[in-house]
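Biologist: I have a model open and would like to learn how to read it. Can we go through it feature by feature?

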Amino acid sequence: MTRAREAAAQGHGMPVIGAHTVGLADGGPGLPVTNWSTLGGDLRIPHFVGLHALQVLPLIGFLLVRRPRRAAPGHRAALMWIAALTYLGLVLVLTWQALRAQPVTAPDIPTGAALLALVVAAGTAALLILRHARATSG
């Protein structure tokens with residue numbers, strides 16, 4: 001939001017809408033290059049990660065088709081679902097973190113626990129699928 005719109009909104013008792021920083025005013029200290037807030041939550045981070053699903057998920061699908069030749073198409077599809085749901089979980093955790101006005105550079109214990117649970121669940125599911133693929137192929 002531009003400074004003029006912000007001033008006009010505050011002068012008339014209107015809430016500030018359209019800001020990307022949560023818990024602070026836009027424009028504070030930020031990370032190099034991206035300028036993502038280092039003091040408060042920033043909704044640009046989950047937005048960035050979510051948009052890059054358009055590149056990451058097809059790449060994972062391509063690698064799944066090229067690499068595990070022993071895996072049946074059903075196993076590859078299951079691995080792709082795991083990747084997609086894990087990516088969705090990451091976007092949701094980053095959004096949750098930003099909405100709690102927490103900078104990405106300083107996650108608290110609940111955020112760390114959520115990320116750890118996501119990684120453990122995804123890793124366990126992928127290992128179970130790969131184990132099943134190995135058992136049924138040979």
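Biologist: What percentage of the residues in the protein chain is buried?

Modeller: This is a predicted model, so every value is computed from predicted coordinates. Of the 138 residues in the protein chain, 26% are buried. The accessible surface comes to about 9,000 Å². Carbon and sulfur atoms hold 71% of that surface.

Biologist: How many helices and strands does the protein chain have?

Modeller: Five helices and two strands. Along the sequence, the pattern reads α-β-β-α-α-α-α. Contacts tell you how the chain folds back on itself. Take those with a separation of 6 or more: 48% of them join residues 24 or more positions apart.

Biologist: Now helix packing. At what angle do the axes of α2 and α4 cross?

Modeller: Start with the axes, then look at the residues between them. Helix α2 covers residues 44-51 and helix α4 covers residues 73-99. Their axes come within 8 Å and cross at roughly 170°. Angles over 145 degrees count as roughly antiparallel, so α2 is roughly antiparallel to α4.

Biologist: Which residues of α2 and α4 meet?

Modeller: From α2, they are Ile45, Pro46, Val49 and Gly50. From α4, they are Tyr87, Leu90, Val91, Leu94 and Thr95. By class, this α2 and α4 contact has seven nonpolar residues, two polar ones and no charged ones.

Biologist: How should I think about a nonpolar core, and which residues make up the largest one?

Modeller: The general idea comes first. In soluble globular proteins, nonpolar side chains tend to be buried together. Here the largest nonpolar core has nine residues: Trp36, Ile45, Val49, Ala53, Leu57, Ala83, Tyr87, Val91 and Leu94. Helices α2, α3 (53-66) and α4 each supply at least two of this core's residues. The largest share, four residues, comes from α4. There is also a second, separate core of five residues, including Leu64, Ile82, Ala122 and Ala126.

Biologist: Let's turn to loops. Where is leucine 43 found?

Modeller: Leucine 43 sits in the loop between β2 (41-42) and α2. Its relative accessible area is 30%, so leucine 43 is partly exposed. Now look across to alanine 101. It is 58 residues from leucine 43 along the chain, yet their C-alpha atoms are separated by 9.5 Å.

Biologist: What is phi of alanine 101?

Modeller: Again, the general idea first. Most residues other than glycine have a negative phi. Alanine 101 has a positive phi, near 60°. Alanine 101 is in the loop between α4 and α5 (109-137). At 30% relative accessibility, alanine 101 counts as partly exposed.

Terms used. Residues numbered from 1 in each chain as written. Predicted model: local features only at pLDDT ≥ 70, side-chain atom pairs only at ≥ 80, totals over all residues. Heavy atoms only, no water. Axes fitted to C-alpha atoms, helices over the stretch in contact; angles between N-to-C directions. Parallel < 35°, antiparallel > 145°, perpendicular 65-115°, else oblique. Contact = heavy atoms within 4.5 Å. Nonpolar A, V, L, I, M, F, W, Y, C, P; charged D, E, K, R; others polar. Buried < 20%, exposed > 50% of the residue type's maximum accessible area, 1.4 Å probe, protein only. Core = buried A, V, L, I, M, F, W, Y, C linked by side-chain atoms within 4.5 Å. Areas by Shrake-Rupley, 256 points an atom, 1.4 Å probe, with all protein chains shown as cover.
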